[in-house]
Amino acid sequence: MHLLSSLRRAAVTVVGSLVTVGLLTGCGDDAESETLSLTGLADRTLTWAISDVDVFEGVEPPGAHRVTLDFSLAGGERCTRLNDGATATFNGQPMTLELGGINGTAGRDVCEPTRAFLDVDPNVWAQQPVEDARFVIQDGSGTVSLVLDNGKAKRTFSFEGAGAADRLSRGQAYSYRWQPSDEVPGPVTVTLLREGGTAAATVPSTQDGGLVTFTIPASTPVANHLLTLSGSASATVLECAGVASCSGAVFHSEERVVTIQ
């Protein structure tokens, strides 16, 4: 069986790569990055993202399970770079820190933001207790810290109701609950991709908090399908220090093979 979801690829592209880049106009080859200490980024917005994309088969796309921090770009024609020697951690684990600045390798000057990321093991997270997500970036000048209430958690959709989760009947309603149950995601998207098909069909659904319910359309072919559920949730920010503001979201997408009968 070889089932691929275009939704999977789009989700990882959008959430797993939050880098915002700006083209520098009128700078030519003379563009230079302005090097700043961490305190020089105190007026920026820090955008956080937790990507949790579970695929059924094949190679996991880059960024499928990743925590990311992005500093907003400077205003106007400025392009800044964080000084050398800074470090970033997530719950004590070292993150890859990209200092930002001008990148001219693409044939034009592009201003890249300062960012940090870490790929995580979802199987390890699933075995560990839920805890706060703590991000710390520091250099000799100061510290940027972000703490998300219960942000470090493996997200899942748990099947609720009668019957088997992998055998669904046409015309029957089914429900799945976002976990952890104390998080409430925004609108959850439900799609079905028939085995051998090329386009996923969106299935209408209703939602009550973290519980999403949908009915298998009567016209659905009797076959194996790839069922994908995906949604985003916010988190309570317990601490946001060293920057002007913090914003972000958790994204979770999950693929399951089901037999429609």
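Phe90 counts as buried, because its relative accessibility is 0%; buried denotes under 20% relative accessible area, exposed over 50% and partly exposed in between, with a 1.4 Å probe and protein chains only. Phe135 also counts as buried, at 1%. The model is predicted: local features need pLDDT of at least 70, side-chain atom pairs count only at pLDDT 80 or more, and totals for chains, interfaces and linings use all residues. Residues are numbered from 1 along each chain as its sequence is written, and side-chain values use heavy atoms, leaving out hydrogens and water.

Six aromatic pairs were found across the whole structure. Rings of Phe, Tyr and Trp (its six-membered ring) pair if their centres lie within 6.5 Å; planes under 30 degrees apart are stacked, over 60 edge-to-face, and the rest tilted. Phe90 and Phe135 form a tilted pair, with 5.0 Å between centres and 50° between planes. Phe90 lies in strand β6 (residues 87-90) and Phe135 in β12 (residues 131-139), so the pair ties together parts 45 residues apart in sequence. Strands are DSSP runs of E, at least two residues, numbered from the N terminus.

Phe157 and Trp178 form an edge-to-face pair, at 5.5 Å and 90°. Both residues are buried. Phe159, Tyr174, Tyr176 and Phe214 form one aromatic cluster.

An open sheet has five strands in the order β7-β6-β12-β13-β22, with antiparallel pairing. Strands β7 (93-94) and β22 (237-241) are at the edges with a single partner strand each, so one side of each lacks a neighbour in the sheet. Two strands pair if DSSP finds at least two bridges between them. Four bridges join β13 (residues 142-152) to β22. Leu146 has Cys240 as its bridge partner in β22.
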